[in-house]
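Please look over the structure shown here, which the report below describes in terms of its pockets and its metal site.

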Amino acid sequence: MIQPFYTSSAINRHGDFRNNEKFLNTIITEKDTKFIPFYNGKNLFIEINENINSVILNKFQLHDFFPNGIGGTIFLGVANDFNYVGIDLSSPNKKFDYWLKENNIIVDDLRKYGAILDDIEASFLALSNGMFYWHNTHKFCGSCGFQNFSTEGGFVMKCSNDKCAKSHFPRTDPAIITLISFQDKVLLGRSPRFPDCMYSTLAGFVEPGESLEQALEREVFEEVGIKVKNIKYFNSQPWPFPASLMLGFFAEAINDQMTIDYDEIEDAQWFSINELKSLQHPSIKGGFQLPRVDSIARRLVDTWINSFN
Ligand SMILES: [Zn+2]
């Protein structure tokens, strides 16, 4: 089994350090701490010798940009004896913006480079992105409307209203994703949101009170009118873009007669192994693309192809 992207096993999140105020206050002043910047929903990258690396800052650089102190930090964990801290640098700052330009820093979506980055850094970037998205969308208590404040290294947002004092925890939305097969072909579809020419496995969010299997059966039937059997769990993939956990399955179609709901998807087709390998399909003019290599959709397709070797 290939290790899913963004899940480096070299990382210890050290949940046990999150209540240690002294530790949390100390690490943001230490020279060895690695600060992972979050910048307006994106991350920072730099090209060195034709390789793309993530930009990680140290306390001296941060002090230079923010002489009055830094805010908005999240303790992400420890790897190879280094402490990693996420930092939100989205507030306007001329000096920092100038530094980005001067150093040809690339500001972009992690998914563009995730598959070629160092495993530990890509995992911390993904964690940091998911956490800051959650912080930015949970500034107020959903129960009483008072402001929340960040505590426990950023992993709890607590209501500032003494009478409420509710603790809010980071949210992850489960979604099923499935490769449907019928004999020697598989079903891939495309949503209008996809990059041009990309066809992928069917996916959808799990609703309250629904099992994963029920969600899968419902989504597949809604999108392509197909009933499935032999649902088998494959693997999962954190997808904090912004807040999903993808749960991958294989399933078999009862028959290959599709009824596509064009309100849900733009197109769906059955693909043979040769078509998947050649990226050519008789109904798709100019060929098609498979999902990006860092996605579980791609791992489902590749695993299915390899099962025939
Ligand atoms: Zn409240």
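## What counts as a pocket

A pocket, as the word is used here, is an open set of grid points with protein on both sides within 12 Å along at least five of seven lines, and its volume is the space filled by probe spheres set on the points. The model to which this is applied is a predicted one.

## The largest pocket

The largest pocket has a volume of about 900 Å³. It is lined by 34 residues, of which Arg-193, Phe-194, Ala-203, Trp-239 and Met-246 are the closest to its centre. Two or more lining residues come from each of the strands S10 (173-182), S11 (185-190), S12 (202-205), S13 (228-239) and S14 (244-253), and likewise from the helices H6 (212-224) and H8 (296-306).

Strand S12 provides the largest share of this lining, with four residues. By residue type, the lining of the largest pocket divides into 17 nonpolar, nine polar and eight charged residues.

## The second largest pocket

The second largest pocket, with a volume of about 410 Å³, is lined by 23 residues, and the closest to its centre are Arg-13, Leu-127, Thr-172, Pro-238 and Pro-240. The elements that give two or more residues to this lining are H5, S13 and S14, and H5 gives the most, with seven residues. The lining of the second largest pocket consists of 15 nonpolar, six polar and two charged residues.

## The zinc site

The zinc ion is coordinated by the SG atoms of four cysteines, namely Cys-141, Cys-144, Cys-159 and Cys-164, at 2.3 to 2.4 Å. The angles among the four donor atoms run from 96 to 114°, and the site is tetrahedral; for four tetrahedral donors, the ideal angle at a metal is 109.5 degrees.

Along the chain, the donors of the zinc ion follow the spacing C-x2-C-x14-C-x4-C. Cys-141, in the loop between helix H5 (119-137) and strand S7 (148-151), and Cys-159, in strand S8 (residues 156-159), are 18 residues apart, and this pair links distant parts of the chain. Cys-141 counts as buried because its relative accessible area is 4%, which falls under the cut-off of 20%, and Cys-159 is likewise buried, with a relative accessible area of 3%.

How values were computed
Residues numbered from 1 in each chain as written. Predicted model: local features only at pLDDT ≥ 70, side-chain atom pairs only at ≥ 80, totals over all residues. Heavy atoms only, no water. Donors = N, O, S within 2.8 Å, 3.2 Å for Na, K, Ca; no water. Tetrahedral: all angles 85-135°; square planar, octahedral: opposite > 155°, others 65-115°. Buried < 20%, exposed > 50% of the residue type's maximum accessible area, 1.4 Å probe, protein only. 1 Å grid on protein atoms, 1.4 Å probe; cavity = no way out; pocket = protein on both sides within 12 Å on 5 of 7 lines; lining within 4 Å. Nonpolar A, V, L, I, M, F, W, Y, C, P; charged D, E, K, R; others polar.
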